[in-house]
Amino acid sequence: MTATDRSLDLITTAAQAAADKLAHDVIAYDVSDVLSITDAFLLASAPNDRQVRAIVDEIEERLLKELGAKPVRREGDRESRWILLDYVDIVVHVQHSEERVFYALERLWKDCPELELPADAKATRGKAEEHARLQAAEAEREPGGEW
């Protein structure tokens, strides 16, 4: 079994929305062969809670506006470290970068086929690592932290 056309449309639109809000490392997997509850997972991350929320809000807005889709469930709003949007056909995970590294969902789904995404979404690959390097370099340049 493979992901339906509807699922692919949802994934493509959600991935573009995430990329437009500067998400990091956007990737999607066709999980239809191993899970009966959904066709595909979309994973994205951001370096702070505010950006996680902005990405999720943009995905929700675009899927509703462009495809008439509303999530049946939204979890993780309180801390905004990992927000899950369940659209039945697809499940979107937007994680804080630290959670993304810790939970490593890519490892769980690495045997599933990766779905084709828009060019803007593909261009987000490696952004989390690049951001971490920039943050580390910035921290090194700061004075000893004395007030």
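Biologist: Which residue in β4 stands opposite E75?

Modeller: L84 of β4 does. Bear in mind that this is a predicted model, so local features need pLDDT of at least 70 and side-chain atom pairs count only at pLDDT 80 or more, while totals for chains, interfaces and linings use all residues. Residues are numbered from 1 along each chain as its sequence is written, and side-chain values use heavy atoms, with hydrogens and water left out.

Biologist: And what does L84 face in β5?

Modeller: H93 is the bridge partner of L84 there.

Biologist: How do β3 and β4 pair, and over how many bridges?

Modeller: In the antiparallel sense, over three bridges. Strands here are DSSP runs of E with at least two residues, helices are runs of H or I with at least four, and both are numbered from the N terminus. Two strands pair if DSSP finds at least two bridges between them.

Biologist: How many bridges for β4 and β5?

Modeller: Five, in the antiparallel sense.

Biologist: What sits in the turns? Start with the hairpin of β3 and β4.

Modeller: That hairpin has six residues between the strands. G76 takes a positive phi near 95 degrees there. S80 is in the loop between β3 and β4 too. The phi of S80 is positive, about 60 degrees, although S80 is not a glycine.

Biologist: Is S80 buried or exposed?

Modeller: Buried, because its relative accessibility is 0%. The cut-offs are under 20% relative accessible area for buried, over 50% for exposed, and partly exposed in between (1.4 Å probe, protein chains only).

Biologist: What about the hairpin of β4 and β5?

Modeller: It has three residues between the strands. V88 is the residue with a positive phi, near 65 degrees.

Biologist: Where does L22 sit, and what is its phi?

Modeller: L22 is in the loop between α1 and β1. It has a positive phi of about 65 degrees, although it is not a glycine. L22 counts as exposed because its relative accessibility is 60%.

Biologist: Which residues in β2 partner A28 and D30?

Modeller: A28 has L42 as its bridge partner. D30 has A40. Overall, β1 and β2 (residues 40-46) pair in the antiparallel sense over five bridges.

Biologist: Why is β4 called enclosed?

Modeller: Four of the five residues of β4 are buried, so β4 is largely enclosed by the rest of the structure.

Biologist: Switching to helices. At what angle do α1 and α2 pack?

Modeller: About 135 degrees, with the axes 8 Å apart. Axes are lines fitted to C-alpha atoms, for helices over the stretch in contact, and angles run from 0 to 180 degrees between N-to-C directions. The two helices are therefore oblique to each other. On that scale, under 35 degrees is roughly parallel, over 145 roughly antiparallel, 65 to 115 roughly perpendicular, and the rest oblique.

Biologist: Which α1 residues meet α2?

Modeller: Among them are R6, L10, T13 and A17. On the α2 side, the list includes I55, E58 and L63. By class, the contact has eight nonpolar, two polar and six charged residues. Ala, Val, Leu, Ile, Met, Phe, Trp, Tyr, Cys and Pro count as nonpolar, Asp, Glu, Lys and Arg as charged, and the others, Gly among them, as polar.

Biologist: What does T13 touch?

Modeller: R62, L63, E66 and L67, leaving aside neighbours within four places in sequence. Contact means heavy atoms within 4.5 Å. T13 is buried, at 11% relative accessible area.

Biologist: And E58: buried or exposed?

Modeller: Buried, with a relative accessible area of 16%. E58 lies in α2 (residues 49-67). It touches A17 and K21, not counting residues up to four places away in sequence.
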